[in-house]
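Visitor: I have a protein model open and would like to learn how to read it. Could you walk me through it, one feature at a time?

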Amino acid sequence: MTDTLVDDYDSHTRGLRAYVASVAVRLGIGMESCCLDTSRPSQAYIALDERLDQFPGRDLALLWDEGTGWIAALDGHGDDEMIIVSRLYGEVMPDPGTVARFVTSLNEMAG
C-alpha cells in the first residue's frame, strides 16, 4: 500500500513539473523562474518577464492551483498580498499554448 502512495505522489510530482515546464517554455521562461508545491492541493508560481502597462512598477506572475487553475497577479510590495488581475477560465490544466495566449492578452484586455 505504501509503495502505491509513493508511486502516485512521484507520478503527480513528475506530471505537474512537466506541465509547468511546458507552460514556462511557451512563455520563454526557464524553470529557475518557477516554484512548485506538489503537496495537495498542489500549486505553482511562475515569475513573468512582462509587466502590465498600467502597473509598470509591479512584477507580474502566474499562479496555478489544482482546484482553480491559472490566475495572473501582481506581486505585492514587501508583505502585501498579491493582487489578482485576471483569471483564465475553463480547464484547470489547459494546453500550455492557451496559457501563453492568456498572458499575451493581459495588456490587450487592460488597454
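Visitor: Let me start with Trp 70: is this residue buried or exposed?

Guide: A residue is called buried under 20% relative accessible area, exposed over 50%, and partly exposed in between, with a 1.4 Å probe and only protein chains counted. Trp 70 has a relative accessible area of 0%, so it is buried. Keep in mind that this is a predicted model, where local features need pLDDT of at least 70 and side-chain atom pairs count only at pLDDT 80 or more, while totals for chains, interfaces and linings use all residues. Residues are numbered from 1 along each chain as its sequence is written, and side-chain values use heavy atoms, leaving out hydrogens and water.

Visitor: Which residue forms an aromatic pair with Trp 70?

Guide: Rings of Phe, Tyr and Trp (its six-membered ring) pair if their centres lie within 6.5 Å; planes under 30 degrees apart are stacked, over 60 edge-to-face, and the rest tilted. The structure holds one aromatic pair. Its partners are Tyr 19 and Trp 70, with 6.2 Å from centre to centre and 45° between the planes, which makes the pair tilted. Tyr 19 belongs to helix H1 (residues 2–27) and Trp 70 to strand S4, so the pair ties together parts that are 51 residues apart in sequence. Tyr 19 is buried too, at a relative accessible area of 10%.

Visitor: How many helices and strands does the chain have?

Guide: Helices (H or I, at least four residues) and strands (E, at least two) are DSSP runs, numbered from the N terminus. This chain has two helices and five strands, and from the N terminus on their order is α-β-β-β-β-β-α.

Visitor: How do I read which strands go together?

Guide: Two strands pair if DSSP finds at least two bridges between them. Start with S1 (residues 34–37), which runs antiparallel to S2 with four bridges; a hairpin of five residues joins the two. Here Cys 35 stands opposite Tyr 45. S2 is also joined to S3 (residues 60–65), again antiparallel, by five bridges, and Ala 47 faces Ala 61 across that pairing. Next, S3 pairs with S4 (residues 69–74) in the antiparallel sense over six bridges. Three residues lie between S3 and S4 in their hairpin, and Trp 64 stands opposite our Trp 70.

Visitor: Which residues are on the covered face of S2?

Guide: Ala 44 and Ile 46 make up the covered face of S2 (residues 43–47), while Gln 43, Tyr 45 and Ala 47 are on the uncovered one. S3 gives another picture: six of its six residues are buried. Leu 60, Leu 62 and Trp 64 point one way, and Ala 61, Leu 63 and Asp 65 point the other way.

Visitor: Why would nonpolar side chains be found together on the inside?

Guide: In soluble globular proteins, nonpolar side chains tend to be buried together. A nonpolar core is a set of buried Ala, Val, Leu, Ile, Met, Phe, Trp, Tyr and Cys residues joined through side-chain atoms within 4.5 Å. The largest one here has 24 residues, and those with the most contacts inside it are Leu 27, Ile 46, Leu 48, Leu 62 and Trp 70. H1, S2, S3, S4 and H2 each give two or more residues to this core, and H1 gives the most, with six.

Visitor: What is Leu 48 in contact with?

Guide: Contact means heavy atoms within 4.5 Å. Leaving aside neighbours within four places in sequence, Leu 48 is in contact with Leu 27, Ile 29, Leu 60, Ala 61, Leu 62 and Val 103.

Visitor: And what joins the side chains of His 12 and Arg 40?

Guide: A polar contact of 2.7 Å does. The term means a pair of N or O atoms within 3.5 Å; within protein, one must be able to donate a hydrogen and the other to accept it, and residues adjacent in sequence count only if both atoms are side-chain atoms. His 12 is in helix H1 and counts as buried, at 17% relative accessibility.

Visitor: Where does Glu 91 lie?

Guide: Glu 91 is in the loop between strand S5 (83–87) and helix H2 (96–110). With 57% relative accessibility, Glu 91 counts as exposed.
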